[in-house]
Amino acid sequence: PPHDMSKTKFIYNPKAGDKRALFSKKKPDLLLHAIHRLFKKYEIEFDEAPTKGPGDGRRLAAEASKEGYDTVIVAGGDGTVGEVANGLIGTDVALGILPLGTFMNVARMLSIPFDLEQAVMVIKMRNTRMIDAGEVVSIEGERPGEPSYFLESASIGIEADFQQEFLAWERGDRAALGRFLKGMGQFYRSPLKVDLDDGRSFESRAHVIMVSNGPYADAAMPVAPSAKLNDHVLTIRRYHMSKLQLLQHVLRLKILGVYKNTDIETYTSTSVRITSQSPRPVHADARVFGDTPVLIKVRPNALKVIAGYPDSPQDSALLAKNVYLAP
């Protein structure tokens, strides 16, 4: 039965629709009115707070937790969702998502419909689950100024550069992929050392190391198809490919969603330390955290979320509720 949400805070990014023209510049309140109408229709009482700049989502969510709200609904893209989630990790507040961005990896992994009314219905049904988060415990040898979590993936290597140049290429900059290929050489010369939780370690000249909390990242790509949001481990993938093979692989992922490749090694671990001879940038959920060395750990059951209902168990990024995991 639907849950009576006693105290709900609605946090939204007024600029979330820039890419899909949802909050259009001519009528910025149009979508907001639609959301308000749906909240009224499904009897969800709420207080609201728009974000005004970077960091606001996290601050507003943390304040909502302290003020006794039991639910925070966030409307925005992956960036806003990630910020709000960071403010709720370690609390008992449930996070509901109205997906308004382009890729919406977290909503996708939680089987939340992209249709606005269906997403509100999912929030009203309040099927709560606990999910893990990845935590950047130290970067450049120091603890971050504030706890730093990610729900999708962290990457070390050229994958983030690829995303940047691919978007430029999509916008019509035909020189972008050439720039990307030219820049790949410098990464290959400096090997990475990777240490896992059970004493395993390896050195790698791979162009990319991905550390995933869930299966999807970047441009809605299945970068770690075996990862689950609640399996209490990180999934580490090492890409052994030439520059051309890597480019072909990422294009296949991006365009076809095909991810089978024998040149990717997969490991699981509760922690991973990555060091390199020369500093390499560390990206997590589209944010640059700094440079290697980096220590990343999984934080089990870090966040309470409101999840949807997958078409089949195989489609779900969550382990079934009755799966027992040893501590």
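In which sense do strand S7 (residues 153–157) and strand S10 (residues 208–212) pair, and over how many bridges? In this predicted model, the two strands run in the antiparallel sense, and five bridges connect them. The legends below take this pairing first and then turn to other close-up views.

**View 1. Strands S7 and S10 within an open antiparallel sheet.** Strand S7 (residues 153–157) pairs with strand S10 (residues 208–212) in the antiparallel sense, and along this pairing Ser 155 stands opposite Met 210 of S10. Both strands belong to an open sheet of six strands, in which the order is S14-S13-S10-S7-S16-S17 and the pairing is antiparallel. The edges of the sheet are taken by strand S14 (264–269) and strand S17 (287–291), and because each has a single partner strand, one side of each is left without a neighbour in the sheet. From one strand to the next, the twist averages 20°.

**View 2. Strand S4 and its parallel partners.** Strand S4 (residues 94–99) pairs in the parallel sense with strand S3 (residues 71–76) over six bridges, one of the bridge partners being Leu 95 of S4 for Val 72. S4 also pairs with strand S18 (residues 294–306), again in the parallel sense but over two bridges, and here Ala 94 has Lys 304 of S18 as its bridge partner. Together with helix H3 (residues 78–88), strands S3 and S4 make a right-handed β-α-β unit.

View 3. Strand S4 is mostly covered, with six of its six residues buried. Ala 94, Gly 96 and Leu 98 point one way from the strand, whereas Leu 95, Ile 97 and Pro 99 point the other way, and all are buried. The largest nonpolar core holds 53 residues, of which Phe 10, Leu 95, Ile 97, Leu 98, Leu 110 and Leu 303 touch the most other members. A second, separate core of 22 residues includes Val 136, Ile 209, Tyr 267 and Val 294. When its neighbours within four places in sequence are left aside, Leu 98 is in contact with residues including Phe 10, Ile 35, Phe 39, Ile 73, Leu 116 and Ile 123.

View 4. Glu 117 forms a salt bridge with Lys 41, in which the closest N and O atoms are 2.6 Å apart. The pair links distant parts of the chain, since Glu 117 lies in helix H5 (residues 116–125) and Lys 41 in helix H1 (residues 30–41), 76 residues apart. Glu 117 counts as partly exposed because its relative accessibility is 26%, whereas Lys 41, at 54% relative accessibility, counts as exposed.

View 5. Arg 59 forms a salt bridge with Glu 63, the distance between the closest N and O atoms being 3.1 Å. These two residues are four residues apart in helix H2 (residues 56–66), so about one helical turn separates them. Arg 59 is partly exposed, with a relative accessible area of 40%, and Glu 63 is likewise partly exposed, at 32% relative accessibility. Asp 198 forms a salt bridge with Arg 200, with 2.8 Å between the closest N and O atoms; Asp 198 counts as partly exposed at 48% relative accessibility, and Arg 200 is partly exposed with a relative accessible area of 35%. Salt bridges that share partners join Asp 56, Arg 59 and Glu 63 into one network.

Technical notes:
Residues are numbered from 1 along each chain as its sequence is written. This is a predicted model: local features need pLDDT of at least 70, side-chain atom pairs count only at pLDDT 80 or more; totals for chains, interfaces and linings use all residues. Side-chain values use heavy atoms; hydrogens and water are left out. A salt bridge is a side-chain nitrogen of Lys or Arg within 4 Å of a carboxyl oxygen of Asp or Glu. Buried means under 20% relative accessible area, exposed over 50%, partly exposed in between (1.4 Å probe, protein chains only). A nonpolar core is a set of buried Ala, Val, Leu, Ile, Met, Phe, Trp, Tyr and Cys residues joined through side-chain atoms within 4.5 Å. Contact means heavy atoms within 4.5 Å. Two strands pair if DSSP finds at least two bridges between them. A crossover is right-handed if, with the strands pointing away from the viewer, the path from the first strand over the helix to the second runs clockwise. Axes are lines fitted to C-alpha atoms, for helices over the stretch in contact, and angles run from 0 to 180 degrees between N-to-C directions.
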